Amino acid sequence: MKRQHYDSFNEHAQSAAAVKRLKNDGSSSLVQRSHLNFDFDKICTVTLSHINIYCCLTCGKYLQGRDRNSPAFLHSVNTYHQLYLSFHNLQLYSLPENKIVKAQYFNETLDSIRFAAFPVFKSSELLEYPKRCLDIAGNSYFNGFVPLTDSLGRDFCNVILMAIGHVIPLRDWLVTKCDRDANNEFVKFLSLVTRKQWNPSLFRVSVLTDELLGYLALSEPKLLTQHDPRSFLLHILHLMASQSSELKKLVNENIQGQLEICTNKDSVTITKKRVPFKCLTLDLPSESFFKSSSTKDTINQVQLGELFKKYYGKKEKIEGDVTKVLNLVTFPNYLILHFNRFDRSNKCPIKNRNKTLVEFPTKMMLGGIKYQLIANIIHNENKEAQTLANLAQDNESVWSVQLFNRKEMQWFEFSKNQFKSKQKQLLFLDETYMQFWEKDDGGTNRM
Ligand SMILES: [Zn+2]
């Protein structure tokens with residue numbers, strides 16, 4: 001539909017209504033920050049269009065256009081809501097006058113609106129993070145330690161996005177180097193989620209990832225059907241590397257390690273090759289391994305160190321007298337581990353998963369390198385979904401993540417939009433599925 005440009009207002013009109021009120025009462029009655037949420041997909045609630053979307057700063061509605069008879073224009077006439085934020089250029093407009101609110105009328109509230117829509121950071125500020133912050137209702141939080149959620153409950157994605165936000169070189173690039181007008185949509189949405197995760201002035205203590213996940217659901221349809229944090233992580237790392245040369249460099253420099261694989265026959269090496277990895281899979285011992293000590297109700301437990309033996313020159317038989325030997329040779333700044341619990345070829349991979357608990361420290365030495373655990377992704381079953389009706393079906397997974405605040409030496413656990421502090425001693429009582437370990441080098445990884 002072709003819209004008529006609305007230009008019949010003159011300079012005199014601008015001095016009326018909204019701008020006058022702005023001047024007099026500092027916008028407090030025009031702007032209701034508790035109603036505002038800039039995390040949703042930018043769709044007009046009337047036309048369902050993605051183009052030219054504005055947010056009414058009084059009621060928070062997303063509406064298209066500012067021209068006469070556009071949804072935003074009509075909304076301003078019908079409700080007397082006068083201030084609008086453009087998601088396209090972050091300009092503030094007064095409607096129905098259709099005028100830009102000039103910078104001289106800006107105050108703390110209007111600045112905070114633009115900051116919430118697109119938080120910006122100086123490199124020097126990042127050194128101070130995480131810091132204790134307050135939302136507009138006075139709830140206390142540490143920036144970086146806020147729940148990421150989405151309206152479709154895709155927690156297998158959100159736990160990974162939360163952990164990626166704590167890989168400091170990636171975070172630093174995403175929140176300081178990636179511009180609003182970056183021409184890659186994936187990188188732009190990922191940057192925005194990370195900016196909001198680290199926002200020290202959130203309106204409320206949670207961030208929605210709907211825009212990024214909505215984009216991925218359309219552009220990478222298979223990605224969100226697997227419901228597996230590991231697949232999601234690997235795909236996200238692949239997208240980072242394929243969509244941005246700078247992110248590729250950072251991923252390779254910080255997350256990628258190398259493994260040497262030797263095949264031997266009669267103790268003579270036949271082949272030797274080095275392969276890069278971004279996520280190291282550790283196999284859990286099978287039920288039969290514990291057979292002598294376990295009963296039906298015993299929860300089996302294994303030490304993390306035991307699981308690493310596979311990567312320290314342990315001979316594995318391939319066929320006849322041919323053996324394979326693996327050795328970790330390059331250790332990344334961020335070591336990502338995956339605990340192999342699910343046999344995805346099984347009809348019910350969740351019901352029949354390996355439930356072995358892994359006992360792990362939160363600091364470890366690996367190949368002479370000190371690592372600190374910074375993120376622990378854990379698996380639970382959705383007990384509420386287990387009804388008689390679905391006994392024949394597989395169970396549902398629920399994903400949570402535990403994150404370490406180095407500054408406060410404190411662990412937090414995030415599950416859906418809830419979070420709580422967690423005692424270090426209680427971390428390994430859950431089914432750990434993935435872990436992020438940071439090289440403990442006195443902070444030189446950090447900017
Ligand atoms: Zn409104």
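Modeller: Helix α7 (residues 168–176) and helix α11 (residues 245–254) pack with their axes 9 Å apart and at an angle of about 165°, where helices are DSSP runs of H or I with at least four residues, strands are runs of E with at least two, and both are numbered from the N terminus. The axes are lines fitted to C-alpha atoms, for helices over the stretch in contact, and angles run from 0 to 180 degrees between N-to-C directions. The angle makes α7 roughly antiparallel to α11, since angles over 145 degrees count as roughly antiparallel, under 35 as roughly parallel, 65 to 115 as roughly perpendicular and the rest as oblique. This is a predicted model, in which local features need pLDDT of at least 70, side-chain atom pairs count only at pLDDT 80 or more, and totals for chains, interfaces and linings use all residues. Residues are numbered from 1 along each chain as its sequence is written.

On the α7 side the contact is made by Pro 169, Leu 170 and Trp 173, and on the α11 side by Glu 246, Leu 247, Leu 250 and Asn 254, with two residues in contact if their C-beta atoms, placed from the backbone, lie within 7 Å. Sorted by class, the contact of α7 with α11 has 5 nonpolar, 1 polar and 1 charged residues; Ala, Val, Leu, Ile, Met, Phe, Trp, Tyr, Cys and Pro count as nonpolar, Asp, Glu, Lys and Arg as charged, and the others, Gly among them, as polar.
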